Amino acid sequence: MDTYGLPLRAAAAKVLLAVENGQSLNQCLPPALQQLPPDQRPAMQALCFGTSRWFHRLDGELRSRLKKSLRPTDRVVHHLMLVALFQLRFSQQANYAILNESVEACRALNKPHLTGLVNGVLRSAEREGAPEPADDASRFSHPQWMVEKLRHNWPDDWQSILDANNTQAPMTLRVNARRMSRDAYLDLLKEAVIEAVPTRFAPHGIQLVHPVPVDHLPYFLDGTVSVQDEAAQLCTTLLDLKPGQRVLDACAAPGGKTCAILEACDGLNEVVALDESAERLPRVQENLDRLDLHATLNQADAADTEQWWDGEPFDRILLDVPCSASGVIRRHPDIKLLRRESDITPLAAIQLGLLNAMWDILKPGGRLVYATCSVFPQENHRIIQRFQKQNQDVQPVEPDVAWGRDMGAGRQLLPDPESHDGFFYAVLEKPEA
Ligand SMILES: C[S@@+](CC[C@H](N)C(=O)[O-])C[C@H]1O[C@@H](n2cnc3c(N)ncnc32)[C@H](O)[C@@H]1O
């Protein structure tokens, strides 16, 4: 995707078209940012994230304003109008600037025949204001299937989950306990005039009142802190780590939890960090290097133990499975465009398969922590229930914690606009032989 030399809105429209065609913002936004002058990058990021977050609301409005859909070859102009509508409805920018610059962007995209349409649609949107949402997809700005699934799964919470998904997530840090105490780092933040509070549940977590670029954080580069959501940090409190243990992080990239494990316990015998993605695994090494930590990295399909396992069972296994990521939509709003309802059943099959394979390589007396960043029971406690039915020797452990909801087979955190993401954890033990 070439966005070189394009005005901001035109470049954002091309990024959003790529998302509609299946690329994540993580994949297509960084190269587009590189092609922009540094001072325009934050605005581009805000346009792409904001338009994705409100896509279903804005798209409902745009479709109601268009007499007919644009030709597939002109689809980028549809996205250009969504970007402009996002700004009209959610930004402080002057309306005349949004209109004029969107018409210019349309020309820059080589679509001069559509400048009249862009101008007309945006003028009527400005004059008439936002319409009443026509359906739940528009009202909650989520795909209809997600609204229905959440309503079905969480009859008392679905609206608050949808609302939380539309907020901007806070920036949360994990203090490297090997280097410094949380209180000492809070003092450093105070000296740097960065407002922050300790997290409620994660023992080494700090939530910033306003996000800052990481290079503004004291001692970030030397590994004193990492950026990690509070819910993700909780994995180490469940693993019951002790010196001498052999630990497997079975789906490790980009390595946030691998590093948290190594920071949480000095003297582990070995931490093996596995990921099947050759593209993502180097991120684990980068994170380890910054924190000056060591793990054994391996690129493999965790479920294919014959290919990678050396036959030495693990005392602890963290299984942070691939999932719908429906608990982290506020951080990755493009999930609303990328995920399909039909993805969930195949994901659940992969999750159960991974759980079965990992159980076989867990030492008797060992502990496995199953984790997802999903709020769909199909990927969470129902996987654990299915697994328990198939494996009579599984001993579920009810952790003594103050967070989340007891689902009978694991604990569910729902996304909280004030703090953590949506997450699920189950703790399973294997009886001694
Ligand atoms: C939820 S992410 C893991 C996040 C990571 N634990 C962290 O905290 O930074 C899931 C990861 O599982 C990897 N993955 C998916 N299927 C896998 C498999 N069969 N074996 C190993 N890794 C897999 C993906 O490449 C992805 O990096």
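**Figure 1. G255 in its loop.** G255 is buried, as its relative accessible area is 0% (buried means under 20%, exposed over 50%, partly exposed in between, with a 1.4 Å probe and protein chains only). G255 sits in the loop that runs between β5 (246-249) and α14 (256-264); helices (H or I, at least four residues) and strands (E, at least two) are DSSP runs numbered from the N terminus. The model is a predicted one, in which local features need pLDDT of at least 70, side-chain atom pairs count only at pLDDT 80 or more, and totals for chains, interfaces and linings use all residues. Residues are numbered from 1 along each chain as its sequence is written, and side-chain values use heavy atoms, with hydrogens and water left out.

**Figure 2. G256 in helix α14.** G256 belongs to helix α14. With a relative accessible area of 30%, G256 is partly exposed. Apart from neighbours within four places in sequence, G256 is in contact (heavy atoms within 4.5 Å) with R174 and Q228.

Figure 3. A polar backbone atom of P254 is 3.4 Å from an oxygen atom of the ligand. For G255, a backbone N or O atom is 3.2 Å from a ligand oxygen atom. In K257, an N or O atom of the side chain lies 2.9 Å from an oxygen atom of the ligand. The ligand taken alone exposes 610 Å², of which the protein buries 86% (areas by the Shrake-Rupley method with a 1.4 Å probe; for residues, only the protein chains shown count as cover).

**Figure 4. V118 in helix α7.** V118 lies in helix α7, which covers residues 115-128. V118 counts as buried because its relative accessibility is 0%. Leaving out neighbours within four places in sequence, V118 is in contact with V77, M81, S102, V103 and C106.

Terms used: A polar contact is a pair of N or O atoms within 3.5 Å; within protein, one must be able to donate a hydrogen and the other to accept it, and residues adjacent in sequence count only if both atoms are side-chain atoms.
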